[in-house]
Amino acid sequence: MPAKVLINGYGSIGKRVADAVSMQDDMEVIGVTKTKPDFEARLAVEKGYKLFVAIPDKERVKLFEDAGIPVEGTILDVIEDVDIVVDGAPKKIGKENLENIYKPHKVKAILQGGEKAKDVEDNFNALWSYDRCYGKDYIRVVSCNTTGLCRSLYAINSVADIKKARVVLVRRAADPNDDKRGPVNAITPNPVTVPSHHGPDVVSVVPEFEGKILTSAVIVPTTLMHQHTLMVEVDGNFSRDDVLEAINKTPRIITVKADEGFTSTAKIIEYGRDLGRLRYDINELVVWEESVNVLENEIFLMQAVHQESIVIPENIDCIRAMLQMEEDNFKSIEKTNKAMGIQ
Ligand SMILES: NC(=O)C1=CN([C@@H]2O[C@H](COP(=O)(O)OP(=O)(O)OC[C@H]3O[C@@H](n4cnc5c(N)ncnc54)[C@H](O)[C@@H]3O)[C@@H](O)[C@H]2O)C=CC1
Ligand SMILES: O=C(OP(=O)(O)O)[C@H](O)COP(=O)(O)O
């Protein structure tokens with residue numbers, strides 16, 4: 001029997017998780033929820049998803065009826081029929097949903113990166129913490145930036161022991177559909193305090209990096225991708241080729257060359273469009289080959305993160321781990337990647 005998945009919060013992350021679940025042969029979307037009867041709600045129904053109202057309130061249901069968008073009921077009408085909920089609600093609402101809905105109804109739940117590590121049992125990345133999350137009930141899939149860092153640090157750690165990592169993150173200001181946010185014409189230290197929350201978020205997945213990773217971040221006026229510069233001090237004997245080989249061997253990382261036209265995040269997104277990827281998603285972490293450098297015992301590299309899609313395959317693997325559907329993380333990664341067309 002395929003695992004029954006409810007997506008609560010059908011926004012940037014939720015709609016992508018719904019489509020990714022539909023691509024797998026061992027899980028199915030039992031329903032998706034919306035708070036408002038907008039075009040996304042209408043499209044969800046047109047795609048064949050059963051739509052439920054996220055806020056269990058008669059007035060809300062009436063809004064959908066008045067707009068002519070058919071709903072099957074509210075979240076409370078479906079919550080006990082599902083094996084797991086993937087929460088895609090805005091940050092801080094995920095925690096409220098956990099306390100007010102998922103825990104009282106004893107339903108397993110995955111929260112997203114906007115929530116806090118302390119509010120869940122553990123923190124998920126398919127390479128690092130699959131085994132720890134196996135069979136657990138309440139897990140956070142860490143944010144897009146943290147997922148990107150976990151992947152490249154995994155590759156580096158496989159050639160040499162990481163002693164210290166320093167990372168500068170240039171964060172996109174908003175997702176392309178987010179017309180309320182900025183900055184439009186500024187560079188904003190965010191957070192202005194150093195270190196930023198990204199280092200502790202990596203440690204929530206990889207506790208052995210405690211005291212070894214420090215991050216700082218700014219936000220810039222772009223919507224396409226985040227960009228990171230990593231400086232990693234390591235122990236061991238290795239060459240630049242060894243580092244590149246490790247990066248190329250690590251699942252869900254691709255390398256690109258500026259020399260071949262990948263001169264910016266804009267060009268990477270154009271690549272996603274040319275590939276015909278759904279919503280031009282690039283689920284892989286993208287590392288610029290020319291940026292990979294080894295100076296004495298330090299490794300340098302630059303990478304780009306497509307914020308809307310990098311965490312989607314992690315959500316799929318997290319479902320498999322929490323529902324104990326596959327013991328081997330690499331088998332789950334391979335299965336997810338194959339179904340989603342990820343390199
Ligand atoms: N967009 C991104 O770049 C990334 C976001 N995340 C995290 O994923 C989570 C979701 O973010 P997005 O998808 O970007 O947000 P979003 O704003 O695009 O979507 C959130 C959806 O949840 C709905 N919603 C509002 N209140 C709700 C409630 N009480 N119950 C259920 N649904 C509700 C909203 O109407 C909207 O459709 C956040 O924790 C965020 O930090 C993680 C990685 C990347
Ligand atoms: O930037 C992100 O995560 P982050 O907090 O790890 O930097 C996500 O893309 C979403 O966060 P935001 O929508 O608060 O910028």
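**Where ligand 1 sits**

Domain 1 (3–142 + 311–340) and domain 2 (144–305) each contribute residues to the shell around ligand 1, so the ligand lies between them; the domain bounds come from an automatic or database domain assignment. This is a predicted model, in which local features need pLDDT of at least 70, side-chain atom pairs count only at pLDDT 80 or more, and totals for chains, interfaces and linings use all residues. Residues are numbered from 1 along each chain as its sequence is written, chains are lettered from A and ligands numbered from 1 in the order in which they are written, and side-chain values use heavy atoms, with hydrogens and water left out.

**Exercise 1.** Find which residues are the closest to ligand 1.

*Solution.* Step one: 23 residues surround ligand 1 (a heavy atom within 4 Å). Step two: the closest are S12, I13, G114, D175 and Q307.

**Exercise 2.** Find polar contacts (pairs of N or O atoms within 3.5 Å) of ligand 1.

*Solution.* Start with I13, where a polar backbone atom is 2.9 Å from an oxygen atom of ligand 1. Next, R172 places a polar side-chain atom 3.2 Å from an oxygen atom of ligand 1.

**Exercise 3.** Work out which residues surround ligand 2 and which side chains meet its oxygen atoms.

*Solution.* First, the residues around ligand 2 include K91, S143, H197 and Q307. Then check the distances: an oxygen atom of ligand 2 is 2.8 Å from a side-chain N or O atom of K91, and for the side chain of S143 the distance is 2.4 Å.

Key. Polar contact = N/O pair within 3.5 Å; in protein donor to acceptor, adjacent residues only side chain to side chain.
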